[in-house]
Amino acid sequence: MKPKPTLKTIAQLSGFAVPTVSRALSDAPDIAQATRDRVQAIAREIGYSPNRGGLRLRTGKTFTIALVLGIEDRVSDHAGRLIASVANTLRATPYNLIVTTFSQSAGDPLGAVKQVVENGLADAILIEQIEPRDARVRYMLDAGFPFATMGRCDWPEPMASYDFDNRAFGEIAARGLLARGRRRLLCLAPPAAQSYARHLREGIEAVLAPGGARFGMLEGILGNPDRAACEALIAGKLAGPERPDGLICCSTTDALAALKAMRACGLVLGRDVDLYTKETIPLVRDFAPEAMSLTEDVEAAGRFLAQAAIAVIEQPDATPPHHLAVPEADAESL
């Protein structure tokens, strides 16, 4: 049996000292990026896995980062990509990933976070589905517990975060639909309590207000596992007397539900109704070339959040890292 690779193995292969290797694997900012990249590439190549048990004994830390997700009876493509990206980023570091969940409809988001903090299950927590005055964020700020968020909230304290600019997405989608002559827009909206629902609405309204186009929000679609019910809700709007002629969707599954509802109503995409969606991969346009879309890079979000979690653990007095990913309209979708 081949001996298990160690920090010393990486040091020998890279030419760096063992302490430098250790800090490079932890993404320490005082180590040059080129050095971190080389060390981490060697670690992946030789299958290095840190001895977390020994680290816990020496430091008293768990060397674990918890990702707390709200899901129903299945993991969405968005959540799956986020989990994989965070896990892949942590693989060559001393940190491990645990995933804990709560039910979006019946669960207690704050309770899920408290369970991790009060039982000492992790050194930092990653959360999503952020609300403007998120109780989970307030709890961790008051407790002084390291965390990073996927989304932004209104608490004044600086905090580690990554967010996709949904206001910009709303503006891009509204402009794209207006450019195709659409005047009655309907957004298959995220839950109104979440911050990005507000950002999305602000972006759409900023574009529509000057021209007087009409706009509505349809909740109860995003994240709903009952796809038949979602299709019926959308079909009900499409069959109504004030039928929308432009749809804005926030996910691939919602866009596909909208396309099925159009077909059920005898409507043709590009002729009777146009659709603009956000998705993690450009899947909708593969099946419906007339649709418009832009991509949200969830893998980039996962990488940033994993690195941000390590940063707030190891540099508690530094300014927490944050990033706002601003999308651009894809020329192919216009």
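1. T62 counts as buried, at 16% relative accessibility. Buried here means under 20% relative accessible area, with exposed over 50% and partly exposed in between (1.4 Å probe, protein chains only). This is a predicted model: local features need pLDDT of at least 70, side-chain atom pairs count only at pLDDT 80 or more, and totals for chains, interfaces and linings use all residues. Residues are numbered from 1 along each chain as its sequence is written, and side-chain values use heavy atoms, leaving out hydrogens and water.

2. T62 sits in the loop between α4 and β1. Helices (H or I, at least four residues) and strands (E, at least two) are DSSP runs, numbered from the N terminus. The T62 side chain reaches the backbone nitrogen of T64 at 3.1 Å.

3. F63 lies in that loop too, between α4 (52-59) and β1 (64-71). F63 is not a glycine, yet its phi is positive, about 55 degrees. F63 is buried, with a relative accessible area of 6%.

4. Q129 also has a positive phi without being glycine, near 50 degrees. Its loop runs between β3 (124-127) and α7 (135-143).

5. The whole structure was searched for disulfides, and zero were found. The criterion is a pair of cysteine sulfur atoms within 2.5 Å. C153 is in no disulfide; its nearest cysteine sulfur, that of C250, is 20 Å away. C153 is buried, at 13% relative accessible area.

6. C249 is in no disulfide either; the nearest cysteine sulfur, again that of C250, is 7.5 Å away. C249 is buried, with a relative accessible area of 0%.

Key
A polar contact is a pair of N or O atoms within 3.5 Å; within protein, one must be able to donate a hydrogen and the other to accept it, and residues adjacent in sequence count only if both atoms are side-chain atoms.
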